[in-house]
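These are my notebook entries on one protein chain. I record what I looked up, entry by entry.

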Amino acid sequence: MSFADITTEDKRRVLGEFTEVKAEFASRGWFAGTGGNLSMRIGPYSSERFYFAVTASGKDKTRSTPEDFLFVDQDGKPCEATALKPSAETSLHREIYRLTGAGAIFHIHSVFNNIVSEWFWERRAVPIQGVELIKAFNIWEEDARIDVPILTNYADVPRIVPEITERLDPRVPGLLIRKHGICAWGKDAFEAKKHLEAFEFLFEYVYRWELLNRGKP
């Protein structure tokens, strides 16, 4: 199936979900300085061929306009004639879709995810153990532990892609970029949002727990 075969109804559905998620995240202050981006896959999927809607570069995500999103293919090229440019991190979304077949990917910047990405940089991962919200990732073991990978924050964003390929953990639906933000994904927008919220809770927990325990023997 080509992009031309995707129905108008499917496109409207995706853009409607996008608009709702974007408004909610904006209300939480997750798009400071136009930072962050969202994407949702549309149509059939194979790792070699897929399509997704992604936020346009440089747009004020606290506002809703007809130019908020565009559709691109697995190479990040626009599927329709447009003057819009896809978000700078589109190459990261492409690789995550290729590796996971996810239905949605949300990337946001927050104070807590930036702080913990630097705090644990030498370990290249944020360790989290025994916290209830790990279950949000469908991990149900007693006293479960996860390590959220931290990737290098290259100014040339495509240079991050090989680290995604190497470091992505199928159990953990998220990746941190050092002093930058989190990419979280799920099978659809609902699950990606759930995972993102869980990560943000866990990062704040880790930060506050580390502060409480500093200097203890």
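I began with burial: a residue is buried under 20% relative accessible area, exposed over 50% and partly exposed in between, with a 1.4 Å probe and protein chains only. By this rule I found that 48% of the 217 residues of the chain count as buried.

**Entry 1: the model.** I note that this is a predicted model, in which local features need pLDDT of at least 70 and side-chain atom pairs count only at pLDDT 80 or more, whereas totals for chains, interfaces and linings use all residues. Residues are numbered from 1 along each chain as its sequence is written, and side-chain values use heavy atoms, with hydrogens and water left out.

**Entry 2: overall build.** I looked up helices (DSSP runs of H or I, at least four residues) and strands (E, at least two), which are numbered from the N terminus. The chain has 5 helices and 8 strands, and their order along the sequence is α-β-β-β-α-β-α-β-β-α-β-β-α. The C-alpha trace spans about 65 × 35 × 30 Å along its principal axes. I then checked the radius of gyration, taken over C-alpha atoms against a globule rule of 2.2 Å times the number of residues to the power 0.38. For 217 residues a compact globule would have a value near 17 Å, and the chain agrees with 17 Å.

**Entry 3: contacts and surface.** A contact means heavy atoms within 4.5 Å. Of the contacts in the chain with a separation of 6 or more, 65% are between residues 24 or more positions apart. Accessible areas come from the Shrake-Rupley method with a 1.4 Å probe, and for residues only the protein chains shown count as cover. The accessible surface of the chain is about 11,000 Å², and 49% of this belongs to carbon and sulfur atoms.

**Entry 4: salt bridges.** I counted a salt bridge where a side-chain nitrogen of Lys or Arg lies within 4 Å of a carboxyl oxygen of Asp or Glu. The count comes to 13. In one of them, Arg178 meets Glu118 at 2.7 Å, N to O. This pair links distant parts of the chain, 60 residues apart: Arg178 is in the loop between strands S7 (174–177) and S8 (181–186), and Glu118 is in helix H3 (residues 111–119). Arg178 is partly exposed at 23%, as is Glu118 at 32%.

Arg208 and Glu204 also form a salt bridge, with their closest N and O atoms 2.9 Å apart. How far apart are these two in helix H5? They are 4 residues apart in this helix (residues 189–213), so about one helical turn separates them.

**Entry 5: a nonpolar patch.** Patches are made of residues with over 30% relative accessible area and no salt bridge; like charges are joined within 9 Å, and nonpolar side chains (Val, Leu, Ile, Met, Phe, Trp, Tyr) within 5 Å. Leu133, Phe201, Tyr205, Trp209 and Leu212 make a nonpolar surface patch of about 510 Å². Leu212 lies in helix H5 and counts as exposed because its relative accessibility is 59%.

**Entry 6: an annotated site.** UniProt, in an unreviewed entry, places the feature "binding site" at His107 and His109. Its positions are given in the numbering used here, feature names are shortened, and annotations may be inferred rather than shown by experiment. Is His107 buried or exposed? His107 is buried, at 0% relative accessibility. His107 is found in strand S4 (residues 104–108). Leaving out residues up to four places away in sequence, I listed the residues that His107 touches, among them Glu89, His93, His180 and Cys183.
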